[in-house]
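Please look over the sequence and the model below. The report that follows takes up helix packing, aromatic pairs, selected residues and backbone geometry.

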Amino acid sequence: MQSWSGASVPELPGQAPQLRLYDSADRQVRPVSPGPTATMYVCGITPYDATHLGHAATYLAFDLIHRMWLDSGHQVHYVQNITDIDDPLFERAARDGVHWRDLGERETQLFREDMSALRVLPPRDYVAATDAIDEVIELVEKMLASGAAYVVDDAEFPDVYFRADATAQFGYESGYDQDTMRALFAERGGDPDRPGKADPLDALVWQAAREGEPSWDSPFGPGRPGWHIECSAIALTRLGMGFDVQGGGSDLIFPHHEFSAAHAESVTAQRRFARHYVHAGMIGWDGHKMSKSLGNLVLVSGLRSDGVDPGAIRLGLFEGHYRADRSWSPRVLTDAQQRLARWRAAVALPAGPAAADVLARVRRYLADDLDTPKALAALDGWCTDALEYGGHDEQAPKLVAAAVDALLGIAL
């Protein structure tokens, strides 16, 4: 699958500090210690609707990590999937009277355009679930052979399920108790009441073919992948076990990330799928939950069509910490547009105050679990000084513009 175009990233002078991120499994902020090539897997979209600000906030958070690694001198192997085969896609295609592949391709292209406009650095591997069927089948075979999965005794639909107790550490990523896991499993795509399962929490890894749905041949019967296993298979084949960061929105902690990790751990006999599990908070609208059912989604493409500068969208989402559930509103957008205008006016000056200190502070704040509010405040301070008091350093405005571009992804 083709990714999107990415802007070049300026090189900055000086030394970047080590990145520290909150790990959902360890429940603490701790250092990220990649090798020469930093590795990251971030769950992609199910392409049945346009990119909204909740999606954008998630991918911008991991774009910051990507940029911080580049600033530290690492190569980055970033992998992202597209869940281009799933029930919501089929349901929306049937509602709209289009083929599910056409819908998926259309919305994936819109997502690419949104990510390119937002200057999100593209993944090296952008992989559709339908392009990873063979990898999924191989993984399911291994799970069946090891006893980590089983076929439901159902003559009509012999689905394959993963045993939630197949790994001794299941539940370590979320830290949730059984009641919480069961409640979230039911809410987020699980099927706890499916007859024939050994345990309500057992997760579908291969759904036997249903009439009217696409299917692929496999040794255990025609069908299609479950949700979680596509990410396990794609990450294992591109990055292997123990990659640096698995990421996504906080709503993916359970069941999606818990199971995708457990699937891989069950066949490799290794303790930990990723070295860091990192999750971004949810975005609301003017104090309310943003959701399709409420009809209050703010679409990136809609903002772009209204002429909103993508740099202002980034700044508005960076106003809050990436892990915090936060709200978008007209005020957030207005403040971001005014901030962007001030920054551009400041870096357009022929000279300004020395900028080495503000570069060091922005790096330090971002390295401390992506503290964008402090980074923005540091840049606000330099811009205010430049606009109100001037300065004599002719290179300072260029350095600040390059820092904002390289580290925050905003073109001034």
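Buried means under 20% relative accessible area, exposed means over 50%, and partly exposed lies in between (1.4 Å probe, protein chains only). Helices (H or I, at least four residues) and strands (E, at least two) are DSSP runs, numbered from the N terminus. G240 follows α6 and has a positive phi, near 80°. This is a predicted model: local features need pLDDT of at least 70, side-chain atom pairs count only at pLDDT 80 or more, and totals for chains, interfaces and linings use all residues. Residues are numbered from 1 along each chain as its sequence is written, and side-chain values use heavy atoms, with hydrogens and water left out.

Helix α4 (residues 133–146) meets α6: their axes come within 9 Å and cross at roughly 100°. From α4, the contact uses E135, V136, L139, V140 and M143; from α6, it uses I229, E230, S232, A233, I234, L236, T237 and R238. The contact of α4 with α6 divides into eight nonpolar, two polar and three charged residues.

Some terms apply here. Axes are lines fitted to C-alpha atoms, for helices over the stretch in contact, and angles run from 0 to 180 degrees between N-to-C directions. Contact means heavy atoms within 4.5 Å. Ala, Val, Leu, Ile, Met, Phe, Trp, Tyr, Cys and Pro count as nonpolar; Asp, Glu, Lys and Arg count as charged; the others, Gly among them, count as polar.

## Aromatic pairs

The model has 14 aromatic pairs. Rings of Phe, Tyr and Trp (its six-membered ring) pair if their centres lie within 6.5 Å; planes under 30 degrees apart are stacked, over 60 edge-to-face, and the rest tilted. One of the pairs is Y59 with F111, which is edge-to-face at 5.4 Å centre to centre, with 75° between the planes. Y59 lies in helix α1 (residues 53–71) and F111 in helix α3 (residues 100–117), so the pair ties together parts 52 residues apart in sequence. Y59 is buried at 4% relative accessible area. F111 is buried too, at 0% relative accessibility.

F162 and F259 also form an edge-to-face pair, 6.2 Å centre to centre and 85° between the planes. This pair links distant parts of the chain: F162 sits in strand β7 (residues 160–162) and F259 in helix α7 (residues 253–268), 97 residues apart. F162 is buried, with 0% relative accessibility. F259 is buried, with a relative accessible area of 0%. One aromatic cluster is formed by F162, F170, Y176, F185, F254 and F259.

R67 lies in helix α1. Its relative accessible area is 2%, so R67 counts as buried. Leaving out residues up to four places away in sequence, R67 touches V9, R119, L121, R314, D405, A406, L407, L408 and G409.

H392 lies in the loop between α12 (372–389) and α13 (396–408). H392 is exposed, at 81% relative accessibility. Beyond residues up to four places away in sequence, H392 touches A351 and G352. H392 and A351 are 41 residues apart in sequence, yet 5.4 Å apart in space, C-alpha to C-alpha.

## Backbone geometry

Most residues other than glycine have a negative phi, and most peptide bonds are trans. R27 is not a glycine, but its phi is positive, about 60°. R27 is found in the loop between β1 (20–23) and β2 (28–31). R27 is partly exposed, at 40% relative accessibility.

D369, also not a glycine, has a positive phi of about 60°. D369 lies in the loop between α11 (356–367) and α12. D369 is buried, at 3% relative accessible area. The peptide bond from F254 to P255 is cis, with omega near 5°. P255 lies in helix α7.
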